[in-house]
Amino acid sequence: MANGLRAYGLIAAMWIRSTMTYRASFVMTALASFAVTAFDFTVILLMFSHVDALGGYTLGEIAFLYGAVSTSFGLTDLAMGSIDRLGRRVRDGTLDTLLVRPAPVLAQIAADRFALRRLGRITQGGLVLGYGLLTIEVDWSPLKVLTVPLMVLSGAVIFGAVFVAGAAFQFWAQDAAEVQNAFTYGGSTLLQYPPTVFARDLVRGVTFVVPLAFVSWLPALYVLGRPYPLDLPQWTAFTPPLVAAGCCWLAGLAWRAGLRSYRSTGS
């Protein structure tokens, strides 16, 4: 673990130095990232210019959901967004160059082309989260206050596990980045809206199959004092750290299995 973190830090630092060589370019790309992700929330604002509530939720409550998910996903995307390039490396054989280096392959893949411009997504999500926290009417308690940062960090870890599991699948599929994106970027978009706007079968799927609901829905609804559509007990709102640990374990198993199955591009 220590070796992997050290390798990740060195590779990421190398890319950061490369990025900061052209500071004006970095600022423009970061602002562009901020603006592009802001369009998602602009769509929500346009919706609320015609309605007072969406699925029974006010603008402030949806801003809270949106901001928490966007911040969590932004942290994961910054840390390991490059991992979706694994399929391309498997297909053209360039993964071989990583296998001969004295560093964990996962750390090398995750830190490859570390894009500091993705801070724009995190900033945008954090601003919307702050707006949501200021506008929602909540009877705050120490437990609810603690739930908010725990939700963001646990959500980032869960998204990270999904990234790794999706990358492991590409060892066999070779070019399945869009399948992975359906659960990562698609999952992020799904969780930006309240569960009441989706069919119960879909809510069950993201709760019991791919546990994305633990990223925000379950803890966020506890903070907002709203019931979960599947009538789960309230204590499940405090399980995201456990779910994140379980997801990491399963993703690790999938990664090791995929890496062992790799046979390069030869016959």
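**Entry 1: burial.** I call a residue buried when its relative accessible area is under 20%. I keep in mind that this is a predicted model. I looked up how much of the chain passes that cut-off: buried residues make up 49% of the 267 residues. I then took the surface. The protein chain exposes about 13,200 Å², and carbon and sulfur atoms supply 66% of that area.

**Entry 2: fold.** I went through the secondary structure next. I found 12 helices and zero strands in the protein chain. The radius of gyration is 19 Å, close to the 18 Å that the globule rule gives for 267 residues, so I note the chain as being as compact as a globular protein of that length. Along its principal axes, the C-alpha trace spans about 60 × 45 × 35 Å. I also checked the contacts between residues at least 6 apart in sequence: 78% of them join residues at least 24 apart.

**Entry 3: salt bridges.** How many salt bridges are there? I get five. I looked at several of them one by one.

I started with R226 and E61. Their closest N and O atoms are 3.2 Å apart. This pair links distant parts of the chain, 165 residues apart: R226 sits in the loop between α11 (217–224) and α12 (240–261), while E61 is in helix α3 (residues 59–80). R226 counts as partly exposed, at 28% relative accessibility. E61 is buried, with a relative accessible area of 11%.

I moved on to D77 and R121. Their side chains meet in a salt bridge at 3.8 Å, N to O. D77 lies in helix α3 and R121 in helix α7 (residues 119–135), so this pair ties together parts that are 44 residues apart in sequence. Both D77 and R121 are buried. I also note a network here: salt bridges link D77, R118 and R121.

Then I took D112 and R89. They form a salt bridge, with 3.2 Å between the closest N and O atoms. D112 lies in the loop between α6 (105–111) and α7, and R89 lies in helix α4 (residues 86–92), so the pair ties together parts that are 23 residues apart in sequence. D112 is buried at a relative accessible area of 14%. R89 also counts as buried, at 18% relative accessibility.

**Entry 4: a charge without a partner.** I stopped at D84, in the loop between α3 and α4. Which side chain of opposite charge is nearest to D84? I find R85, 5.2 Å away. D84 is buried yet has no salt bridge, because a salt bridge needs the nitrogen within 4 Å of a carboxyl oxygen. I listed the contacts of D84 too. Leaving out residues up to four places away in sequence, D84 touches Q170, A177, Q180 and N181.

**Entry 5: core.** I finished inside. The largest nonpolar core has 73 residues. F64, L86, L95, W217, Y228 and W255 have the most contacts inside this core. Which helix gives the most to the core? I find helix α8 (residues 142–173), with 12 residues.

Setting aside neighbours within four places in sequence, L86 is in contact with L95, I109, A167, Q170, F171 and W255. I note that Q170 is also touched by D84.

Note on methods
Residues numbered from 1 in each chain as written. Predicted model: local features only at pLDDT ≥ 70, side-chain atom pairs only at ≥ 80, totals over all residues. Heavy atoms only, no water. Helix = DSSP H or I, 4+ residues; strand = E, 2+ residues; numbered from the N terminus. Buried < 20%, exposed > 50% of the residue type's maximum accessible area, 1.4 Å probe, protein only. Lys, Arg positive; Asp, Glu negative; His and termini not counted. Contact = heavy atoms within 4.5 Å. Core = buried A, V, L, I, M, F, W, Y, C linked by side-chain atoms within 4.5 Å. Rg over C-alpha atoms; globule rule 2.2 N^0.38 Å. Areas by Shrake-Rupley, 256 points an atom, 1.4 Å probe, with all protein chains shown as cover.
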